[in-house]
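Good morning, colleagues. I shall speak about an interface first, and then about aromatic pairs and salt bridges.

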Amino acid sequence: MISELLSATVLIGILASGIRLATPYLYAAIGETFGQKSGVLNLGVEGQMLLGSFAAFYVAFNTGSLWLGLLAAILVGAAMGLAMAYVTVNLRAQQGISGIGFYLFGLGMSELLFQILMGTVETAQGFPKVYIPGLSDIPGIGEIFFSQNVLVYGAFLLVPLSSFVLNKTTLGLKIRAVGENPDAADSLGVSVARIRYFTIILGGALSGIAGASLSIALLNVFQQNMTSGLGFIAVALVYFGGWKPLGVLWGALLFSMVNSLQLWIQVLGIPIPSDIAVMMPYVLTILVLIASVSRVRSPSALSKPFERES
Amino acid sequence: MAESVMKKRAGWRVKLEPRLDVPPAWYPPLVSLGAIVLALFLGGLLISAVGGNPLKSYAHIARASFGNIGVLSDTIVKATPIILTALACSIAFRMKLWNIGAEGQFIMGAWGASAVVLAPIVPAGASRWVFIPVMIIAGVALGAVWGFLPGYLKAKFNVNEIISTLMLNYIAIFWVNYWVFAVWTEGGFQMSPKFPDAAWLPRLADYGKQITAFRGLTTHGGLILGIIAAVVVWFVIYRSRWGYEIRLIGDNPHAAEYAGVNITRNTVYVMALSGALAGLGGMSEVAGVIHRLQTAPIAAGYGFTGIIVAWLAKLNPIVIIFVSVLFGALILAGREIQPSGIPKMIQGIILVCLIASDYLLRYRVRIVKGEEE
């Protein structure tokens, strides 16, 4: 039974779907990284993803355009981000708790919209696989890395891109300054409010894409509460990755590979209690937090509302 | 030139200043009420925007949860677990420990209580007087362990409790899934066999023979556990030295430290107590309502609703009882109301509006003349 898992075809299958399943984690967690780098803890990711997921599916299903669906998800996510930004930046609300409010809102609202506008579960044609010429022909590697859909490629490109923006650009410097020492940033003329609005809305838009990647690229269906905790894991991945996009990537791959393995175990009918296996990444996240607390410091102003001293 | 004209025209403007005095007693409840009205209004706008009828939906919620004694009893059944999870959240929030893990602690409490019956720890033929106390102890203990863990990690390693409690929520769900599927399954289904009658919390309906008015009423002994817990928590928070320390740490950790209060130790104790209360809620739910271990009805979001209720009740244990009944009504109505997303969406909007409305407690909004500055 176990030997079935070790055959080349199955191994390649596990790795390929592991790469694919990392997509929603990456979009959501990198969006969250921007927010946290600027000092805002957004716990509403799950709700933003659910609404984005529904918007993408509904629009794509009715217009036949996947790109319009993706755009709808981005707009819905950004709108949720805007509301979150107003509540956290202008009204200086306690971020952990208000995030739970946004989560419940997205959970209920996506269910409500689904029932009123669709009613039954439909399937759709998602983003097709794009075979990278040349590279996709490499045995094994080609199937794992270079035969994925466009949202998967986008997610992996986002890692170096966000790393570059955060570390090498003026914007990134401002974001980090606002997250580390908003008073100093403010006194140097950086608008703390504007930067935080930007990062929270960007995070919302990326969460929207994360949701869309589920409904129109990976599973090609919308169901109530289909994210089932993915958005919360994305928040944890930011801690896991030590507020670095590359660290987030390793965490995302860990979760997605375990999920993929567990799916294949079920498909092959191997009698291993999959619940215990699925539990492991969560346990590991806590262990990584314990190990990294002494090495990696969170942004100093994380989850603290900014108030100019007058 | 243009600028000076602008200045003159904008004669009045809104000015915000930090509130230095303590607002009068009637002010915070009024602000909360205003936040709820605003939330219901926003929710109504959204419902009508997607083609529903908000007034009808709200009227339906009210009828389906308070319409007669039968549904009122069901409302109280839904309120019971919320009372306990909200108490759990309130005591942690009082110390500004953001325990998002009442959900997982509740689930582990349910598992612990179920293990007493299913392992079995108490032999099948035992009486209710043996079953119920042992189940309470097991539920409280497992919940306390699930609260102790993030508390200890926070105190010892400074691990963010929001993230650790979130992770523990999922671990709890998979843990219960594993047991109901692999160990205690009934015929391959993801649920355990039904508990023997002696492991059920007594219900009003059980006394239907003696008191006819109680016939068919589902309200169970968990309500009494919830009320006792609320009174105990009230005494601890407002009348004990320990409660004073907890409040002091929450209001001003630096002052608490100067006063010699041990923050590390209190972090662990308060998280364990918080978990214990949620765990008691889980015990009450399996022994009073579900009568078996099954993941979906236990992991139904009571831990998250507890967060809202605790906040709405301004962390006051006695107020929590009444607010829980309102939210029990909302959840109960959600089972029949179509479309079913409305109650959760409304809960979310209420929580966001409530958190945002705290702004009005911390700042004074004044309308002043523009020239003053």
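Between them, chain B and chain A bury about 4100 Å², where buried area is the accessible area (1.4 Å probe) that two parts lose on being put together, summed over both. Carbon and sulfur atoms account for 81% of that area. On the chain B side, the residues that lose the most area to chain A are Val50(B), Met167(B) and Phe174(B), together 15% of what that side buries. This is a predicted model, in which local features need pLDDT of at least 70 and side-chain atom pairs count only at pLDDT 80 or more, while totals for chains, interfaces and linings use all residues. Residues are numbered from 1 along each chain as its sequence is written, chains are lettered from A and ligands numbered from 1 in the order in which they are written, and side-chain values use heavy atoms, with hydrogens and water left out.

The contact (heavy atoms within 4.5 Å) takes 44 residues from chain B and 45 residues from chain A. How many salt bridges cross the interface of chain B and chain A? The rule, a side-chain nitrogen of Lys or Arg within 4 Å of a carboxyl oxygen of Asp or Glu, finds zero there.

Let me turn to the aromatic residues. Rings of Phe, Tyr and Trp (its six-membered ring) pair if their centres lie within 6.5 Å; planes under 30 degrees apart count as stacked, over 60 as edge-to-face and the rest as tilted. The structure holds 30 aromatic pairs over all chains. Trp26(B) and Tyr27(B) form an edge-to-face pair, 5.9 Å centre to centre with 85 degrees between the planes. For accessibility, buried means under 20% relative accessible area, exposed over 50% and partly exposed in between (1.4 Å probe, protein chains only). Trp26(B) is exposed at 56%, whereas Tyr27(B) is buried at 17%. One aromatic cluster is formed by Tyr25(A), Phe255(A), Tyr282(A), Tyr170(B) and Phe174(B).

Finally, the salt bridges, of which the rule counts five over all chains. In one of them, Lys154(B) and Glu161(B) have their closest N and O atoms 3.0 Å apart. Lys154(B) is partly exposed, with a relative accessible area of 25%, and Glu161(B) is buried at 4%. Another salt bridge joins the side chains of Arg292(B) and Glu186(B) at 3.3 Å, N to O. That pair links distant parts of the chain, 106 residues apart. Arg292(B) counts as buried at 15% relative accessibility, and Glu186(B) is partly exposed at 33%.

Conventions. Helices (H or I, at least four residues) and strands (E, at least two) are DSSP runs, numbered from the N terminus.
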